[in-house]
Each structure stands twice: as structure tokens, then as C-alpha cells.
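Have the 3D view open as you read.

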Amino acid sequence: MNTVTVDLTPSYPVVIGAEIPIGEVLAAHVSPGPCVIVTDSNVGPLHLADACGSLESAGWEVLDNLQFIAGEESKSLKVYSELLGRVARTGLGRDGTIFALGGGVVGDLVGFVAASYMRGVRLVMLPTTLLSMVDSSVGGKVGLDLPEGKNLVGAFHQPEAVVADIARLETLPEREISNGLAELVKMGLLAGGEYFRDLDAISAARSGDSGPLVKLIEHAVRYKASVVERDEREGGLRSVLNYGHTIGHGLEAASGYRLSHGEAISLGMVCAAKIGAKHTGFDLMERQRELLLACGLPVTQTGFDAGAVLAAMSRDKKRAAEDGARMHRFVLLEEIGRPVWGVSVSEPEVIEALETLKGAG
Ligand SMILES: NC(=O)c1ccc[n+]([C@@H]2O[C@H](COP(=O)([O-])OP(=O)(O)OC[C@H]3O[C@@H](n4cnc5c(N)ncnc54)[C@H](O)[C@@H]3O)[C@@H](O)[C@H]2O)c1
Ligand SMILES: [Zn+2]
């Protein structure tokens, strides 16, 4: 079992390991008391009994377990308001704790419930997807979607602790593992050093070797924590985490979300590397392709409409209130471990990079 400390005020631990006794490891960080566990309809039947039992045996008083229907559609005002009502009816007070057991959807939505119920109660994240272990449960961003766009409502609410138990990943579909690996590779490229070298162990980690998997999750959490510590409220540096996301989001939206987020950002990273080679002279294409393929992610794509991708990118951009009609802001790599951000890239360059996806590039 490994622990990474996220050094914000107050600081909090991210505990990573296999078969973690949640109640026991939390004892050093949060005192047991009244709590509510919230999960989704996929995770509940698989992991709730175990989590609940572990907390109760460590002295927690579980007032109730709440479940909502799994899926991004539940990150809505409707499900949010239903959950607030259900939490209120458990009688949870200001001194209570809410446990978010699930993937990024549970973490974001339930985190926002914890941030706003009684002006904020304690939150503990129990991530059950690889993506939520390496990304969404660290950094304190919580919130929900509006019909007008994703993640338009939210808050910053740091958890008391995060417990990432890789045993939970045994029930996670392969495609979801690849989703998490996309973010894990992205951060390894941004971080460089030992983290980048350890990406060689991706195949071993994918085939269920727990040592390399724990190590890679630890690297990712450490890296994300270091970025968030330096830029908690997204003033600048935190935007490096958008590597691969500028075109990736465009592809994801233009596919009508048939591409998963991880698949889309894998393709987005291929495009960013192509653009980066031109802007910075650093050619990372081949190394990055090998890594993405090892994750089971796509590096080529046909049958998309470049115009629709650009249109989706422009909608994103409008939200970021950037000017320069035909320019897009990119995170590029000058070298492994040396990202630059806010680089202006023109639409013809974006189209040229998208073309790369259609061939071997
Ligand atoms: N807050 C942040 O900083 C941040 C960062 C990145 C992503 N996000 C958000 O995270 C969300 C995506 O998270 P995600 O990829 O974890 O998706 P998710 O929570 O929807 O989980 C993916 C699927 O796997 C199921 N599942 C979860 N754990 C399981 C398990 N152990 N076994 C079997 N099935 C399981 C879920 O029910 C769901 O069907 C998006 O809403 C995104 O906006 C937030
Ligand atoms: Zn992402």
C-alpha cells in the first residue's frame, strides 16, 4: 500500500493498493462518525457491501446507502437535487461525511452534493475506475452538466482522503481501463523522468500485474497532485492537463460520443504530437503511438467529418472566451516532460493533423 499526500491546505492522503481495509486506513485521517455512502447502479451491486462492511467494522455509523442510475446523464441538476433530498432525509448533520463510491461520474456529482449540502460536509473519495483513481478524484473539482454543456456547474471541494483500491478494477470493463490509461499516458508524457520510463510496464499492468499498476497509479496521482498544488484554481499550469484534449474533445463530440473520452483523447494526442513536431521540432509520434497501442487505444480513425470536429472545437473555445477566430490554443510537448501551453494553432494546421489520423501518419 502506498500513500501520496496532496499538499493543499489542509493536505489529504491518496492511499493506493490492493484489498485495502478502508475503515482501518482512514482511521489515521478522519475520525469515524455518521456517514452516507453514495454510489451508482453498476458499482453498488459489486462493491457496496464490502465498502459498507469495512466502514462499519471500523466504527462508522452508515446512516444509509444511496444509489443513482449509472452514466453521464445522471450528472444533472435533477439527480443532484434528488440526492440532496435523499441525503437530508438520512438526517446527516454538518459533522457528517459523504463517501463517493464509483467512477468519475459518482465523484463529480456526489462531490458536489458534499460541497453544497449544509454549505459543505466532509467528502471521502472511493474511486472504482482507473480514470477516477488517476485523475478525477484528485484535485477537488466537483460538479455536473447542463443541457448547454458538460461540467458547467461546480465547485472546488477537496476530499478528506482518497482510497484507490485496485481490486475494484477487476470488475471494470476493458474499454474503461483503456480510458483511464489514456490519461495515465498523457500525464507520463507531461511528467517525463521515472514516470515516463515506467510507462513501459503498461502491458504488464493491463494483464493484471498489480505491482506495476499500483506504481503507475502512484506516479499519476503524484503528478496530478503536483500540478494542482501549484495551480489549485486553474490559473494556468493546470491547463497542461488538457494535452490531447483540444482536438480530442472535438472528435468526441463530433462522434456523438460514440468514441469514449479516452479513445478521443488518444486520437487528440496523435494530432497534438503531429502539430508539436512542426512547432517545436520535437517528434514524439512513434513513441507515443507505441504507448497508446499498448493501452488498447486507437491511433487512427476514418469516417469523421473534419468540419464537425472544428465546429465542436469552436464551441469549446467560445466557452473559454478566447479570441482569434481561426486560432486554437494547444498544449504541446517540446520534449518528454516539457509541456508548453497556450500555443496558437491555425485551423488549416488542425485539419492537416486530423488528416494524419486517416493514414499511418
Ligand atoms: N473532477 C475532475 O477533475 C475530472 C477529471 C476527469 C474526468 N472527470 C469526469 O469523470 C467522468 C468520467 O469518469 P469515469 O470514466 O470514471 O466514468 P463513470 O463514472 O461513468 O464510470 C464508467 C462506467 O463504469 C462503471 N463502473 C465504475 N466502476 C466500476 C467497477 N469497479 N466495476 C464495474 N463497473 C464500474 C460505471 O457505472 C460506468 O458505467 C466524466 O463525467 C468526467 O467529466 C472529472
Ligand atoms: Zn480527459
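A word on classes before we start: Ala, Val, Leu, Ile, Met, Phe, Trp, Tyr, Cys and Pro count as nonpolar, Asp, Glu, Lys and Arg as charged, and the others, Gly among them, as polar. Also keep in mind that this is a predicted model.

## The largest cavity

The structure holds four cavities of 30 Å³ or more. The largest cavity contains about 50 Å³ of space. Its lining is made up of Lys274, Ile275, Lys278, Glu349, Glu352 and Ala353.

Sorted by class, that lining comes out as four charged residues, two nonpolar and no polar ones. Helix H11 (261-280) gives at least two residues to the lining of the largest cavity, and so does helix H14 (347-356).

## Around ligand 1

Now for the ligand. There are 25 residues around ligand 1, and Glu72, Gly104, Thr128, Thr129 and Thr171 come nearest. By class, the shell around ligand 1 has ten charged, nine polar and six nonpolar residues. At least two shell residues come from each of helix H2 (43-57), helix H4 (104-116), helix H5 (130-136) and strand S8 (149-156).

What about polar contacts? In the side chain of lysine 75, an N or O atom sits 2.8 Å from an oxygen atom of ligand 1. The backbone gets involved too: a polar backbone atom of lysine 141 is 2.8 Å from a nitrogen atom of ligand 1, and a backbone N or O atom of arginine 168 is 2.9 Å from a nitrogen atom of ligand 1. On its own, ligand 1 would expose 860 Å², and the protein buries 85% of that.

## The second largest pocket

Next up is the second largest pocket, with a volume of about 280 Å³. It is lined by 17 residues, of which Leu169, Ile177, Ala205, Gly208 and Leu213 are the closest to its centre. Helix H6 (174-191), helix H8 (202-206) and helix H9 (210-230) are the elements that give two or more residues to this lining.

Which classes make up the lining of the second largest pocket? Eleven of the residues are nonpolar, four are charged and two are polar.

## A hairpin to finish

Last, take a look at strand S10 (residues 327-335) and strand S11 (residues 338-346): they run antiparallel, joined by seven bridges. Across the pairing, arginine 329 stands opposite serine 344 in S11.

S10 and S11 form a hairpin, with two residues between them. In the turn, glycine 337 has a positive phi of about 85°.

How values were computed
Residues numbered from 1 in each chain as written. Chains lettered and ligands numbered in written order. Predicted model: local features only at pLDDT ≥ 70, side-chain atom pairs only at ≥ 80, totals over all residues. Heavy atoms only, no water. 1 Å grid on protein atoms, 1.4 Å probe; cavity = no way out; pocket = protein on both sides within 12 Å on 5 of 7 lines; lining within 4 Å. Points joined across faces, edges and corners; volume = space filled by probe spheres on them. Helix = DSSP H or I, 4+ residues; strand = E, 2+ residues; numbered from the N terminus. Near = heavy atom within 4 Å. Polar contact = N/O pair within 3.5 Å; in protein donor to acceptor, adjacent residues only side chain to side chain. Areas by Shrake-Rupley, 256 points an atom, 1.4 Å probe, with all protein chains shown as cover. Pairing = 2+ DSSP bridges.
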